[in-house]
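Please look at the chain shown below together with its fold, and keep both in view while reading the report.

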Amino acid sequence: MFRLLAALALCATPVAAQEKPKNVIVMIADGAGYNMLAATRMWTGAKLFADGDEWQRASLATYALRNGPEGEGQDPDLVYTSEKAWDVRPLSGDSECATGYAAGFAGYEWHRCTHPDSANTMSAMVTGTRTYNGAVNVDGSGTPELSAAETAKATGRRVGSITTVPFSHATPAAGGGAHNVSRNNYHEIAAEMLESPTLDFIAGGGHPNFDSDGNRVGDQATAKERFRWLSSESWSALNDGSSGWTLIQTRDEIDDLGRYGGDDRVIVLPPVAAAMQVERAAAEGHDPKTDAPGEAKLLKTVPSLTELAEAALTHLDQERGFFLSIEGGAVDWAMHANMLGRAIEEYEDFDAAVAAVAAWLDDPATPASWENTLVIVTADHDHLLFGPDVDEPFQPLEWHGAGAMPGYRWWSNSHSAQLVPFFARGAGADRLITEADEVDQMRSADGTARGRGRYLTQPEMGAAILELLSR
Ligand SMILES: [Zn+2]
């Protein structure tokens with residue numbers, strides 16, 4: 001009780017101006033809950049970058065306001081409680097919320113039936129307002145909310161949003177300050193990202209002239225297929241110069257970004273369809289569902305998330321400060337397809353980008369440092385991935401040694417509402433961790449103590465970021 005009161009007292013204390021970060025970097029590994037991180041550690045046999053002692057950690061609750069725009073207020077079924085999340089009562093038959101998967105346990109079914117999506121979760125993390133599944137930076141009634149990206153711009157900072165999936169996808173859209181009543185309105189979202197004054201740097205998938213293997217699309221590709229993520233009008237404006245954006249398309253140009261002027265607006269669209277690597281073809285005779293990481297060669301023409309992050313950091317203004325959203329979006333795409341090997345590839349790519357961001361802050365040659373920059377590393381939501389034994393609820397993955405795939409089982413092809421890992425470091429990290437004043441713990445019906453310990457919620461995270469960005 002004392003600890004809780006102390007935490008509440010700290011909450012009420014305004015953050016001193018000198019503790020406020022000049023730069024804020026929010027890194028989201030889409031879909032990557034505790035077991036996704038564990039799978040990556042088991043495969044590499046090494047710690048993740050944010051496992052280091054310099055990072056503060058907690059857990060993050062990810063639940064939505066409602067499943068969709070209909071209705072009013074908070075749907076009570078969706079609210080996270082330890083009792084619902086860790087319910088070990090066995091269920092027979094199939095899940096009613098994920099076709100083709102065994103129900104397993106009551107907790108699994110609650111996760112499958114109430115899970116959030118990437119739009120409402122990222123929106124809550126950058127606006128401080130919980131909203132419905134599918135909403136991009138609008139509240140429960142569809143009214144636009146002020147986001148971290150816009151707050152950063154209004155306080156004189158430069159703003160970037162980068163991802164390994166289409167730039168107009170839910171997470172980079174919300175991180176980049178777009179607003180829409182539905183994440184599926186990709187053309188509207190792309191147009192807002194390009195036409196509003198908020199963004200200075202964009203990188204992601206969605207190039208209309210290439211397929212998932214980085215080959216030029218032939219004449220048989222329809223306009224609907226090519227212009228899924230941005231309209232042909234937006235694409236034309238990027239190419240004829242009327243958009244005001246500098247369009248970068250090759251890996252060499254990306255690696256040489258220092259030569260573009262600091263006030264330019266730069267969009268990086270590498271030569272690949274939707275996602276950087278996750279949709280490339282499998283090697284001959286291979287199945288990506290059972291492949292270990294690296295079985296299919298990476299596309300050479302496509303940059304890593306580290307290269308995109310370094311390009312963004314080079315481009316964004318170091319004197320005025322910046323807000324940068326970095327998404328490892330394809331972790332989630334691999335997990336939807338139950339391709340653990342590719343999900344590990346994508347998490348390794350994300351973890352390398354975390355290390356690159358840290359190296360850039362450590363480098364005395366850059367004006368940014370841990371004293372003036374906040375870095376958050378977390379996920380937007382989880383997936384249902386556990387160990388291989390069907391009879392053991394919430395079984396951890398089985399370690400089979402570094403370089404071997406761990407023992408695992410998928411319990412869904414979509415998200416879960418489990419708490420996700422949360423790491424913070426740098427200026428203002430204490431302020432974020434202070435919000436983790438709820439505790440996930442319970443004793444299951446089988447007598448096992450379960451829970452992830454202290455956690456904060458996504459609206460709490462968003463509100464703290466807005467406060468830290470205010471000047
Ligand atoms: Zn997803």
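Predicted model: local features only at pLDDT ≥ 70, side-chain atom pairs only at ≥ 80, totals over all residues.

Residues are numbered from 1 along each chain as its sequence is written.

Helices (H or I, at least four residues) and strands (E, at least two) are DSSP runs, numbered from the N terminus. Two residues are in contact if their C-beta atoms, placed from the backbone, lie within 7 Å. Not counting residues up to four places away in sequence, the residues that Val331 touches include Ala29, Met36, Ala343, Tyr347 and Phe350.

Strand 10 (residues 373-378) is largely enclosed by the rest of the structure, because 6 of its 6 residues are buried. Both of its faces are covered, with Thr373, Val375 and Val377 buried on one side and Leu374, Ile376 and Thr378 buried on the other. Strands pair if DSSP finds at least two bridges between them. Strand 10 runs parallel to strand 1 (residues 23-29), to which 6 bridges join it, and the bridge partner of Asn23 in strand 10 is Thr373. Strand 13 (residues 420-426) runs antiparallel to strand 10 and is joined to it by 5 bridges, with Gly426 as the bridge partner of Leu374.

| Helix | Buried residues | Elements around them include |
|---|---|---|
| Helix 2 (residues 34-44) | Asn35, Met36, Ala39, Thr40, Arg41, Met42, Trp43 | helix 13, helix 14, strand 11 |
| Helix 5 (residues 118-127) | Ser118, Ala119, Asn120, Thr121, Met122, Ser123, Ala124, Met125, Val126, Thr127 | strand 1, helix 6, helix 7, helix 13, helix 16 |
| Helix 12 (residues 305-315) | Leu305, Glu307, Leu308, Ala309, Glu310, Ala311, Ala312, Leu313, His315 | strand 5, strand 6, helix 11, strand 8, strand 9, helix 14 |

Just after helix 2, Gly45 takes a positive phi of about 70°, and helix 5 is followed by Gly128, whose phi is positive, near 80°.

The axes of helix 5 and helix 16 (lines fitted to C-alpha atoms over the stretch in contact, with angles from 0 to 180 degrees between N-to-C directions) come within 5 Å and cross at roughly 35°. Among the residues making this contact are Thr121 and Ala124 of helix 5 and Met461 and Ile465 of helix 16.

**A buried loop residue**

Where is Ala436 found? Ala436 lies in the loop between helix 15 (429-434) and strand 14 (438-443), and it is buried, with 23 other C-beta atoms within 10 Å. Leaving aside its neighbours within four places in sequence, Ala436 is in contact with Ala58, Arg454, Tyr455 and Leu456. The C-alpha atoms of Ala436 and Ala61 are separated by 9.9 Å, although these residues are 375 residues apart along the chain.

Key. Buried ≥ 20, exposed ≤ 12 C-beta atoms within 10 Å, placed from the backbone.
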